[in-house]
Amino acid sequence: MSIDNQPNLPAASFSFRPAYFMAPLLVMVMSLILTAIYFGQLPAEVAYRFSIDGAPVTYINAGLITGMLVGVQVLVVLLAFGLAFFLPRLSFFKTNQTDFWVKPGTLLGFMGNIMAVPQLILAYALLDVFVYNVHQIHLLPLWLFAIILIVIAAIVIGIFAIPVFVRAYKTFNGPSASKKE
């Protein structure tokens, strides 16, 4: 039995799963849908930086800013896919599956899906550019959205980390620690 009381799995059962990078993929699809909805309505030059009072400061070509923001998201999805595809093939994960405090699949799912946090910030920036340039209204400031998202992500990570810390504590302070007293 492993540390988390799950039966030991053969190395062959630990493999690539699309769930390991599903959140970044969904954010990218959402961004592509937003781009399909708004891109045709954008002027040739779009405002993307604003002063403290919300007035446009910097303009850029609509295709360039859209391409950059969506392109970075494609790179994030490819990185998450690479983690999900190549890490299970490393001998370290195959041979040490029972040595982790969490299952390797859970760890890979976390590693791949946590990339959706910065990607959501990019998607929000894309949405903000679209909404301002089409409707002339501002959404929540990007910095405030980023702080809110990071705080929520930290809380979620904390909730999922508590069982890992409890397992680690039990491992280090298990029956052998109580026999020493």
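**Questions on the helices, loops and surface of a predicted model**

Me: Where does P141 lie?

Reply: In this predicted model, P141 is part of the loop that runs between α5 (116-135) and α6 (142-172).

Me: Why is P141 called partly exposed?

Reply: The relative accessibility of P141 is 37%. Partly exposed covers the range between the buried limit, under 20%, and the exposed limit, over 50%. The value for P141 falls in that range, therefore P141 counts as partly exposed. As for its place in the fold, P141 is 89 residues from I52 in sequence, while their C-alpha atoms are 9.9 Å apart in space.

Me: How do you know that the span of helix α2 is close to the expected one?

Reply: Helix α2 comprises residues 62-86, 25 residues in total. The expected span is 1.5 Å times one less than the number of residues, which gives 36 Å for α2. From its first C-alpha to its last, the helix reaches 36 Å, so the two values are close.

Me: Which residues of α2 are buried?

Reply: The buried residues of α2 are A62, I65, T66, L69, V70, Q73, V76, V77, A80, G82, L83 and A84. In an α-helix, with 3.6 residues a turn, residues three or four places apart point the same way.

Me: Why is T66 called buried, and which residues does T66 touch?

Reply: T66, found in helix α2, has a relative accessibility of 5%. Buried means under 20%, so T66 counts as buried. Leaving aside residues up to four places away in sequence, T66 touches T35, F39, L42, G71, L126 and F130.

Me: Why is Q119 called buried, and what does Q119 touch?

Reply: Q119 is found in helix α5. At 0% relative accessibility, Q119 is under the 20% limit and therefore counts as buried. Beyond residues up to four places away in sequence, Q119 touches P24, V27, M28, Q73, V76 and V77. Among these, Q73, V76 and V77 also belong to the buried residues of α2.

Me: Which residues make the nonpolar surface patch?

Reply: The patch, of about 990 Å², is made by L140, W143, I147, I148, V151, I152, I155, V156, I159 and F160.

Me: What is the overall pattern of helices and strands?

Reply: The protein has 7 helices and 2 strands, following the pattern α-β-β-α-α-α-α-α-α along the sequence. Of its 181 residues, 34% count as buried. Its accessible surface comes to about 10,900 Å², and 73% of this belongs to carbon and sulfur atoms.

Technical notes:
Residues numbered from 1 in each chain as written. Predicted model: local features only at pLDDT ≥ 70, side-chain atom pairs only at ≥ 80, totals over all residues. Heavy atoms only, no water. Helix = DSSP H or I, 4+ residues; strand = E, 2+ residues; numbered from the N terminus. Buried < 20%, exposed > 50% of the residue type's maximum accessible area, 1.4 Å probe, protein only. Patch = residues over 30% accessible without salt bridge, like charges linked within 9 Å, V, L, I, M, F, W, Y side chains within 5 Å. Areas by Shrake-Rupley, 256 points an atom, 1.4 Å probe, with all protein chains shown as cover. Salt bridge = Lys/Arg side-chain N within 4 Å of Asp/Glu carboxyl O. Contact = heavy atoms within 4.5 Å.
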